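Visitor: Hi! Could you walk me through this protein model?

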Amino acid sequence: MTKNGTPSTSARWTGMVPVDDTALAVTDTGGPGAPVIYLNGQFATQGYWRRTITELGPDWRHITYDERARGRKSRRSADYSFEAAVRDVDAVLTARGVDRALLVGWSYGAFVAAHWASRNPERAVGAVLVDGAFPYDWLDGAMEQRIRTLFRRVAWLTPLLRPTGLLPRMTAEQMADSNIELGRISRERELGPVLDAVTVPTRYVVASGTSFGSRGDEQERTRTSLDGVTARNPDIEVHAKVASNHGAILRRDYRAVAEAVREVADLDVGRS
């Protein structure tokens, strides 16, 4: 959107956006619709959003991109930190001439969306957080070791899967470091104040059950932390809890994600 709040018009564009020491592969559908920027899971790609984008249709301007060293084209970097991921949102929006956007983030991308919306209320139409950004202390010494062991075990797959874009062009140690950093950012004392500071319409779409890498009811216990968030901040609500697990939510419950996007956009119209 432009500075006066009206949707900006742009032609469809696909290309590379330079940022810091790297460049990101970006796709912008263009058009006069309200801009929506999609923020991927930690090692996922922009292709995960295709069902949500199809469900919303051409009345929206959809902007997707692959994070550093993710996908087939985004280039490597010396910095894979969470703060770099938040900065990259600014880089993509600036490159595409977008002043205000609605953020949609899944998993890791939900944390990025929450932080960016909290820091940039004047530029955020709102946010849809898909099974991520739960303020919960799940990282301890034993979990950190589990994470490092897991990534070391799958390291042999990386040369096979990197050319397909299914795994990032990062070492096993870099991927483990990123995951462990996320655990620190997830802590209630870290993420709680970020969510409390959100002043734009924000809706969660929450998955059910477990997925790869989790044990027992770990993920369900993590999701219960939203009760305190929604009790403290009236701008944040749970739009839906769906049947899919964490890994399948964008494939099976994309309609719920699209509905949440529409709800947030309508709330922004009501504020203006």
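This is a predicted model: local features need pLDDT of at least 70, side-chain atom pairs count only at pLDDT 80 or more; totals for chains, interfaces and linings use all residues.

Visitor: Okay, rings to start. How many aromatic pairs are there?
Guide: The structure holds five aromatic pairs. Take Tyr 38 and Trp 49: their ring centres are 5.2 Å apart and the planes meet at 45°, so this pair is tilted.

Visitor: Why does 45° count as tilted?
Guide: Because planes under 30 degrees apart count as stacked and those over 60 as edge-to-face, with the rest called tilted.

Visitor: Where do Tyr 38 and Trp 49 sit in the chain?
Guide: Tyr 38 belongs to strand β3 (residues 34-39), while Trp 49 is in the loop between β3 and α1 (50-56). They are 11 residues apart, and the pair links distant parts of the chain.

Visitor: Are those two buried or exposed?
Guide: Tyr 38 and Trp 49 are both buried.

Visitor: Which kind of pair do Phe 82 and Tyr 108 form?
Guide: That pair is edge-to-face, with 5.8 Å from centre to centre and 80° between the planes of Phe 82 and Tyr 108. Phe 82 is in helix α2 (residues 82-95) and Tyr 108 is in helix α3 (residues 108-119), so the pair ties together parts 26 residues apart in sequence. Both Phe 82 and Tyr 108 are buried.

Visitor: New topic: how many residues are in the largest nonpolar core?
Guide: The largest nonpolar core has 43 residues, and Ile 37, Val 89 and Tyr 204 are those with the most contacts inside it. Helix α3 supplies the largest share of this core, eight residues.

Visitor: What is Val 89 in contact with?
Guide: Leaving aside neighbours within four places in sequence, Val 89 is in contact with Ile 37, Leu 39, Tyr 65, Leu 103, Val 112 and Trp 116. There is also a second, separate core of 27 residues, and Leu 56, Leu 250, Val 261 and Ala 265 are among them.

Visitor: What lines the largest cavity?
Guide: Its lining includes Glu 67, Arg 68, Asp 79, Asp 88 and Tyr 108. The lining of the largest cavity divides into four nonpolar residues, one polar and five charged. Helix α2 gives the most to this lining, with three residues.

Visitor: Tell me about Asp 88. Buried or exposed?
Guide: Asp 88 is buried, with a relative accessible area of 2%. Asp 88 is placed in helix α2. Not counting residues up to four places away in sequence, Asp 88 touches Val 19, Leu 24, Tyr 65 and Arg 68.

Visitor: Which residues have a positive phi without being glycine?
Guide: One of them is Ala 69, with a phi of about 65°. Most residues other than glycine have a negative phi. Ala 69 is in the loop between β4 (60-65) and α2, and is buried at a relative accessible area of 0%. Ser 107 also has a positive phi, near 60°. Ser 107 lies in the loop between β5 (101-106) and α3, and is buried, with a relative accessible area of 16%.

Visitor: Last one: is Arg 252 buried or exposed?
Guide: Arg 252 counts as exposed, at 57% relative accessibility. Arg 252 is found in helix α10 (residues 249-252).

Key. Residues are numbered from 1 along each chain as its sequence is written. Side-chain values use heavy atoms; hydrogens and water are left out. Rings of Phe, Tyr and Trp (its six-membered ring) pair if their centres lie within 6.5 Å; planes under 30 degrees apart count as stacked, over 60 as edge-to-face and the rest as tilted. Helices (H or I, at least four residues) and strands (E, at least two) are DSSP runs, numbered from the N terminus. Buried means under 20% relative accessible area, exposed over 50%, partly exposed in between (1.4 Å probe, protein chains only). A nonpolar core is a set of buried Ala, Val, Leu, Ile, Met, Phe, Trp, Tyr and Cys residues joined through side-chain atoms within 4.5 Å. Contact means heavy atoms within 4.5 Å. On a 1 Å grid over the protein atoms alone, a cavity is a set of points where a 1.4 Å probe fits but cannot get out, and a pocket is an open set with protein on both sides within 12 Å along at least five of seven lines; lining residues have an atom within 4 Å of a point. Ala, Val, Leu, Ile, Met, Phe, Trp, Tyr, Cys and Pro count as nonpolar, Asp, Glu, Lys and Arg as charged, and the others, Gly among them, as polar.
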